[in-house]
Amino acid sequence: MPNLECTKVFFKNLRASEARNEDGTRKYKYIINKGSSRSSKTYSLIDLFDYYARTNSGERYTIWRDTKQDCKATVLSDIKKHHKNTGRWKLNYSFNISESFFEYNHIIGGVNLSTKIEICGTDEENKVHGFTQDKAWINEPYKISENTFFQIAMRSNVVYIDYN
């Protein structure tokens with residue numbers, strides 16, 4: 001794994017993700033990243049999801065936009081570009097181009113407990129109402145209805161939101 005220089009935004013997201021209340025429960029359900037188009041929020045969240053996928057087994061992470069096509073054209077494109085620029089493209093994971101997901105294999109006791117990062121659109125209603133995920137990232141949520149947002153949120157342990 002290449003040694004990455006991570007942004008302050010990455011570390012703020014990581015600290016918020018790992019923050020706990022005195023009783024050990026998660027402190028934050030929603031972690032919001034608001035900033036300009038060059039604030040590093042997208043690359044920081046890409047790095048965060050990659051970090052978690054490499055260090056956790058058997059989990060599911062989803063990335064959402066209003067349509068899967070928009071999510072592929074924006075976030076997926078950014079992931080590919082960023083991973084290629086940082087020497088991580090297909091390094092210890094595979095990419096399913098037809099279904100648009102990344103799979104990080106973790107073999108534990110002879111069993112593959114893979115972690116997936118899935119590119120999703122809220123236009124895929126069966127996924128919105130059927131998926132459960134450990135972490136969800138909602139990118140540019142402007143066109144996502146309140147009901148759809150809450151469907152994703154109630155099926156996630158933590159929700160990252162980024163917008164300008």
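## A walk through the fold

Among contacts in the protein chain (heavy atoms within 4.5 Å) between residues at least 6 apart in sequence, 65% join residues at least 24 apart. You are looking at a predicted model, where local features need pLDDT of at least 70, side-chain atom pairs count only at pLDDT 80 or more, and totals for chains, interfaces and linings use all residues. Residues are numbered from 1 along each chain as its sequence is written, and side-chain values use heavy atoms, leaving out hydrogens and water.

**Whole chain.** Start by showing the cartoon: the protein chain has 5 helices and 9 strands, taken as DSSP runs numbered from the N terminus (helices are H or I with at least four residues, strands E with at least two). The order along the sequence is α-β-α-β-α-β-β-β-β-β-α-β-α-β. The C-alpha atoms fill a box of roughly 45 × 40 × 35 Å along the principal axes. Buried residues (under 20% relative accessible area, with a 1.4 Å probe and protein chains only) make up 46% of the 164 residues.

Next, select the strands of the open sheet: 7 strands in the order 1-9-8-2-7-4-3, with mixed pairing; two strands pair if DSSP finds at least two bridges between them. Strand 1 (30–34) and strand 3 (94–96) stand at the edges, each with a single partner strand, so one side of each has no neighbour in the sheet. On average, neighbouring strands are turned by 15 degrees against each other, direction ignored; axes are lines fitted to C-alpha atoms, for helices over the stretch in contact, and angles run from 0 to 180 degrees between N-to-C directions.

**Strand 1 and its partner.** Now pick residues 156–163, which form strand 9: 5 bridges join this strand to strand 1, and the two run parallel. Zoom in on Asn-33, which stands opposite Asp-162 in strand 9.

**Helix 2.** Finally, select residues 41–55. How many of the 15 residues of helix 2 are buried? The count is 12, so that helix 2 is mostly covered. Among the buried residues are Leu-45, Ile-46, Leu-48, Phe-49 and Tyr-52, but also Lys-41, Asp-47 and Arg-54.

Definitions and conventions. Buried means under 20% relative accessible area, exposed over 50%, partly exposed in between (1.4 Å probe, protein chains only).
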